[in-house]
Amino acid sequence: MRQFSWVGAAVLAAVLAHAPHLPAIITALALALVAASWLHRRRGGSALPGWIKLVLIAVFALVLIVQYRSVIGREPGSALACAMLASKLLETRTRRDALAAICFASFTLMSALLFDTSLAFTLATFAGVVLLLAALRELEPQAVTAPKPASSLRACWPTLRASLISLAIAAPLALCGFLFIPRLDSPLWRTPADAGARTGISDTMSPGSVQNLLLDDSAAFRVDFDGTPPPRAQLYWRGPVLTDFDGETWRRRETGIAPPDAREATAGSAAIGYAITLEASDKPWLFALDVPVDIPAETQRGRDMSLVRRRPVTELFRYRARSLPDYRFDRDLSADLRAATLALPGGFNPRSVEQGRSWRRELPDDDAIVRAALDLFHDAFFYTLSPPPLGRDSVDDFLFGTKRGFCEHFAAAFVVLMRGAGIPARVVTGYQGGYFNPVGDYLLVRQSDAHAWAEVWRAGRGWMRVDPTAAVSPTRVEFGAQAATLGERTWYRGWWLATRNRIDLVNHAWNNLVVQFNGQRQRALLRPLGIDHIEPDTLLWLLIGASGLMLVAATLWAMRTSRRRAAPLDAAYDALCGKLARVGAPRSDNEGPLTYARRLRVAQPLSQRCASEVQRLFADYVGLRYARAFPPMEGIVEFARRVRRLRLETRS
C-alpha cells in the first residue's frame, strides 16, 4: 500500500498540473478516479471487471466530445492524457503496472509546460518530478525491514531526500543540455491553437468589458527601454483601434496596412527604442508606445498604427520596437475613413448627439469643442470602477444620468460627442502607465493598467490623442487605476500588489534567462570570450565534452560514496561471520552471503531462535549491499547494531 500511495501521489501531481486550463468537470472526474483507486486499493479490493473500465472510457469520451468537439489540440489532448492516466491508476496492481503509470505520469506532467512556463508553475512542476522520482525509489528492491506506516511524514522523508539528491545530481547535466543542444529559431512543430480563455485586450468594447481587466492584477507585458524611460503621462501602449459603433459595442475596422517607413508620422522629439516581453493572450494584438515607427517581424501595422501579428500570441513573445511619443499622422483623411469616423447609429443616444451639434453651432472651432467636452467631464463627473448600470442609450445615461464610470465610459462618450459635432473621432484601447522596477530597470504593465482613450482628427494636423479620463481623474494617468480608486480597494489589495510588483524582478529574470533563451542567444553564448558566433557542430562538441566530464565526475563520486557506505556495512558483515566462526560455523572463502546462509539453514548448527535471527540478518545484508546503489545509512546503522547485540547459541 505504501508503494501504491507514492504512485498515486505522482499521478495526482500530474493531473493537478493540468487543472488550471481544463474544464472543472474533467478535472473533477480525473481526481475522483484517483481517489477511488486509492480507496479501492486501501480496502484490499480485487481487480475491477472489464465492463467498469469500458464504462469509464465511454464517460470520458463523451465528456471530451461535449467539451471540445475534437481530441486534436493542446487542451483536448491534455484532457485525454489526464483521463487515461487516472484510468491506468485504477488497474495498477503489479510493479510493472506501477512503472508504466509513472512513465505516463512523467509525460503528462511535462506536457503541462505547453500551457505555462512561468517560474511559479515550473517550481510546481519540479515538485511533481520529485514525487515521480520518489515513487520510482519506492519501487526499487529493498531490504526486509519492519514496515513503516504509510501516513508517517517522518517515514516519507528518506524517500523524498533521495529524490532531491537525484535531481541535484542531474541538474548540472540538464543545464549542459539546456545551453548546448542546438536550438531552432522557430519550433519544429506546433500544436493546433485552442480557443483560449486568457484575459487581455479585445477588439471590441461594450459597457463593462474593460472592468474585468481593471480588476485583474496579472502581468500583461514587461518593457526594457534602451535609455531613460519616458514620463508616465506619455506611457500610452497602443492596441486595437475601435472605429465602428452600433449603439452598444465598439468594434475594430480593417484600415489597410501602413507603409513601412511610416512617413505619415512626424515627431517633435526623438524616437524611443524598447523591447517588450508579452505574456500569452491567445490574441494577435501587439502593443507599442504611440506611435510605432519600427515594428517587429511577422507583424503588420495598420493605417491606424495598431500592430497585428500574423498568428495569435500563444506563448511568451519578445519583440523590439521604436516609437515617436510626440506624433502626427494621416494629415489627409480618406473619404471612407472620414465617413467611418463620423458615423453614428440611428436612434441611439439622441441627447448626446444633439449636445455635439449644439457645440458646433455655438462654438467657433474644433479646439473649442474639444475643450468644452473636457470641461464637462472635469466639472461634474467621477472616476469609479463600480459604476451604475446603463440602459439602451448607454452614452445618454452616462452623460446626463449617472456621471460615474471609468476609462471606457469617458472615451466612448467623448467620441460620440465629437462625432455629433462633426469631428472625426475613434476609440483607442490598450494600456496606460505601468510600474517601473528600479532594481531590474524595466517597466511592468499589468492587466489592471488597461485603458481606453480617444483620438480626434484635425485638418492639417492629423490624428491627435485626447484622454478624457485625465480630465476627470489626473491621478489615473499619473499613478494608475489603483491610486485613482484607492477608496474603493481594500487595504490588503494595494499592499499585496505593491509586494508583487517588487518581487516580479524574479519573473523578469526567469523570462529573459530561461524562457526566452532562443537560437540567436545560444549562438552568441561565447561572445564574452570573443567568439561572436557558434556553429551547430561546435555546440554538439561542447555538449559531448561538457556532459562527458560531468558523467566522469559523477561516476567517481558514486564510486567513492559507494565505497564509503559499503565499508561500515561490510565491517558489520565481517563481524557477523566472525561470531559464526567462533561457534563452529565458519564461512568459506568462496561462499557468498546467500550460499553461506543456505548452508547454515541446512546444517542447523544454531538453536532455532538464533538461526531465525541469523537468516534475517543475512537477508538484510543482501538487501542493503546489492539491491541499491546507495543503501540508506539508517539501515546500515540498524544492521550493525543488531549484529553487535547478537548472542549465538548452538544446538544442544
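Colleague: How exposed is R303?
Modeller: R303 is partly exposed, with a relative accessible area of 30%; buried means under 20% relative accessible area, exposed over 50%, and partly exposed in between, with a 1.4 Å probe and protein chains only. This is a predicted model, where local features need pLDDT of at least 70, side-chain atom pairs count only at pLDDT 80 or more, and totals for chains, interfaces and linings use all residues. Residues are numbered from 1 along each chain as its sequence is written, and side-chain values use heavy atoms, with hydrogens and water left out.
Colleague: Which side chain does R303 meet in a salt bridge?
Modeller: That of D330, at 3.2 Å, N to O. A salt bridge here is a side-chain nitrogen of Lys or Arg within 4 Å of a carboxyl oxygen of Asp or Glu. R303 lies in the loop between β10 and β11, and D330 in the loop between β13 and α9, so the pair ties together parts that are 27 residues apart in sequence. Helices (H or I, at least four residues) and strands (E, at least two) are DSSP runs, numbered from the N terminus.
Colleague: And D330, buried or exposed?
Modeller: D330 is buried, at 3% relative accessible area.
Colleague: What does D367 pair with?
Modeller: D367 forms a salt bridge with R458, with the closest N and O atoms 2.1 Å apart. D367 sits in helix α11 and R458 in strand β19, so this bridge joins parts 91 residues apart in sequence. D367 counts as partly exposed at 28%, while R458 is buried at 11%.
Colleague: How many salt bridges does the structure hold?
Modeller: There are 29 salt bridges. R238, D290, R426, E455 and R465 are linked in a network of them.
Colleague: Switching to α20, which residues are buried there?
Modeller: P593, Y596, A597 and L600 are the buried residues of α20. They cover an arc of only 100° around the axis, which puts them on the same side of α20; the arc is that of the directions from the helix axis to the C-beta atoms.
Colleague: What's on the face turned away from the buried side of α20?
Modeller: That face carries the exposed residues L594 and V602. After α20 comes Q604, whose phi is positive, near 50°.
Colleague: Last topic: which residues lie nearest the centre of the largest cavity?
Modeller: P207, S394, E408, H409 and A412, out of 15 lining residues. On a 1 Å grid over the protein atoms alone, a cavity is a set of points where a 1.4 Å probe fits but cannot get out, and lining residues have an atom within 4 Å of a point. Helix α13 gives the largest share of that lining, 4 residues.

Note on methods:
1 Å grid on protein atoms, 1.4 Å probe; cavity = no way out; pocket = protein on both sides within 12 Å on 5 of 7 lines; lining within 4 Å.
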